[in-house]
Amino acid sequence: MAWNNRRGARGRNADRMRQDEEDEALLLMSASLMLMHPSLAHVDNNQPLPQHDGSFTDRQWVESVLYGHHRRSIDNMRITVDNFLLLSNILVERQYVPHNYQQRVPIQEALAMTLMLVSHKHTHRVLGTIFDRSIETINRNIKKVLRGLCLFAAEIIRPGDQTAVHPRIANSTNFYPWFKDAVGAMDGTHISACPPTGEQMAYTNRHGWQSQNVLAVCDHDMRFIYVYAGWEGSAHDARVLESALAYPSDFPLPQPGRYYLVDAAYKNAPGFMPPYKNVGSESPAKALFNTRHSQLRNVIERTFGVLKKRFKWLKGPVDNFYMSTQISIVIACCALHNFLRMHQPEDAHFQRFESEDVHLNEEPEIGGLVPQPFALNVSPAELAEWKAKRDYIATQMYAARGRRRR
């Protein structure tokens, strides 16, 4: 029995060796066939392969997006084909982006590069692979489009008609007539930043990450009417507003008697209506005012939510761009937001935040006393009158709470 077992083991070893020899022969034959394949006949091992060989040209990629399935344009550039073509025509016809028909990179391709950068946070190297362009070409054309979008922002980011009461207020007994003079909302938001060398601490916000503090004002239709970008993340919101109001300023102050809804970090002064601070159960009128004030003011939070959800670049981490380029990207994204709000208001991003109840953080910022925006030339009598106006709204709102139904 032992001898038979040893003989069986020898037989299995011999079979295994023959199988290994056959596998080795098949591998050598496969390698020979691959080297003899006609597609490899032109390869010269002594010549380096080009990084951009033009096998899939830039125009082919843009055309595949514009003339393919309608979701391609939205998924890749966050914009429909019709609006993409409209935007490219606006940038050229109004001379926001210099263009001539002999340049190598057409406006449609340069705009597509920029939209993919801000929508998906692709690196220049990835964009170079997609468009079959060098990194220098990608960088140069994106900067050109960013400059054009910043010029376009001066046209599209501006206040609209502030004389009429917005339907969101007029059609709600929770808001009308108490907030009939509210023409918009204002707040600051932190956008991820890559600060210059030696300025990391200044750009580190109270949450512990590096950002730029962007001040923005929007109307009740979720459109930006003012954007002020570039301040360090450690700066207080009230300090940024003080800088925006400093002379010379293009800040769109509301008409006399009207105001922006702001959070508790800002001063209660003509043109700005914050909630009450440190409200307890002993002040039900002030608590009701704060609740409805928060419900109406969350339009700015929802607007920020749409902006950051659509443009992934804003959520960081940010590549090592010049600070001026980072500021330009923020302004360009806000201009694109307004353009899309005007021309495709029913897209998925706007619909998601159209009526979403966004939680508002009313706690004052860490850092002691809140800085006051002294840039407003307001007398003590005017401040007292404005404070009395807020008290009157809170008192009348609380008195009418049982007589009104939404």
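Q: How are helices and strands picked out, and how many are in the chain?

A: Helices (H or I, at least four residues) and strands (E, at least two) are DSSP runs, numbered from the N terminus. In this chain there are 13 helices and five strands. Keep in mind that this is a predicted model, where local features need pLDDT of at least 70, side-chain atom pairs count only at pLDDT 80 or more, and totals for chains, interfaces and linings use all residues. Residues are numbered from 1 along each chain as its sequence is written, and side-chain values use heavy atoms, with hydrogens and water left out.

Q: What does "buried" mean, and what share of the residues counts as buried?

A: A residue is buried under 20% relative accessible area, exposed over 50%, and partly exposed in between (1.4 Å probe, protein chains only). Here, 45% of the 406 residues count as buried. You can look at surface for the whole chain too, using the Shrake-Rupley method with a 1.4 Å probe (for residues, only the protein chains shown count as cover). The accessible surface comes to about 22400 Å², and 53% of that belongs to carbon and sulfur atoms.

Q: What about H13: which of its residues are buried?

A: Trp386, Arg390, Ile393, Ala394 and Met397 are the buried residues of H13. Their arc around the axis is only 95°, which puts them on the same side of H13. Turned away from that side is a face with the exposed residues Pro380, Ala381, Glu385 and Tyr392.

Q: What counts as a contact, and what do the buried residues of H13 pack against?

A: Contact means heavy atoms within 4.5 Å. The buried residues of H13 pack against strand E4 (259–261), strand E5 (272–273) and H10. Across the chain, take contacts between residues at least 6 apart in sequence: 71% of them join residues at least 24 apart. Leaving aside neighbours within four places in sequence, His349 is in contact with Arg78, Val306, Lys309 and Arg310. His349 counts as buried, at 18% relative accessibility.

Q: How do I spot a salt bridge, and how many are there?

A: Side chains of opposite charge can pair when their charged atoms come close. The rule is a side-chain nitrogen of Lys or Arg within 4 Å of a carboxyl oxygen of Asp or Glu. By this rule the count is 14. One of them joins Glu109 and Arg133 (3.0 Å, N to O). That pair links distant parts of the chain, 24 residues apart: Glu109 is in helix H5 (residues 107–120), Arg133 in the loop between H6 and helix H7 (135–156). Both Glu109 and Arg133 are buried.

Q: Which parts of the chain does the pair Asp187 and Arg297 link?

A: Their side chains meet in a salt bridge (3.5 Å, N to O). Asp187 sits in strand E1 (residues 182–192) and Arg297 in helix H10 (residues 284–310), 110 residues apart. Asp187 counts as buried at 5% relative accessibility, and Arg297 counts as buried at 1%. There is also a network of salt bridges linking Lys180, Asp181, Arg258 and Lys389.

Q: What is a nonpolar core, and which residues touch the most other members in the largest one?

A: It is a set of buried Ala, Val, Leu, Ile, Met, Phe, Trp, Tyr and Cys residues joined through side-chain atoms within 4.5 Å. The largest has 83 residues, and Met77, Phe131 and Phe179 touch the most other members. Helix H11 (residues 323–343) gives the largest share of this core, ten residues. Apart from it lies another core of 20 residues, among them Ile225, Trp231, Ala235 and Leu241.

Terms used. The arc is that of the directions from the helix axis to the C-beta atoms.
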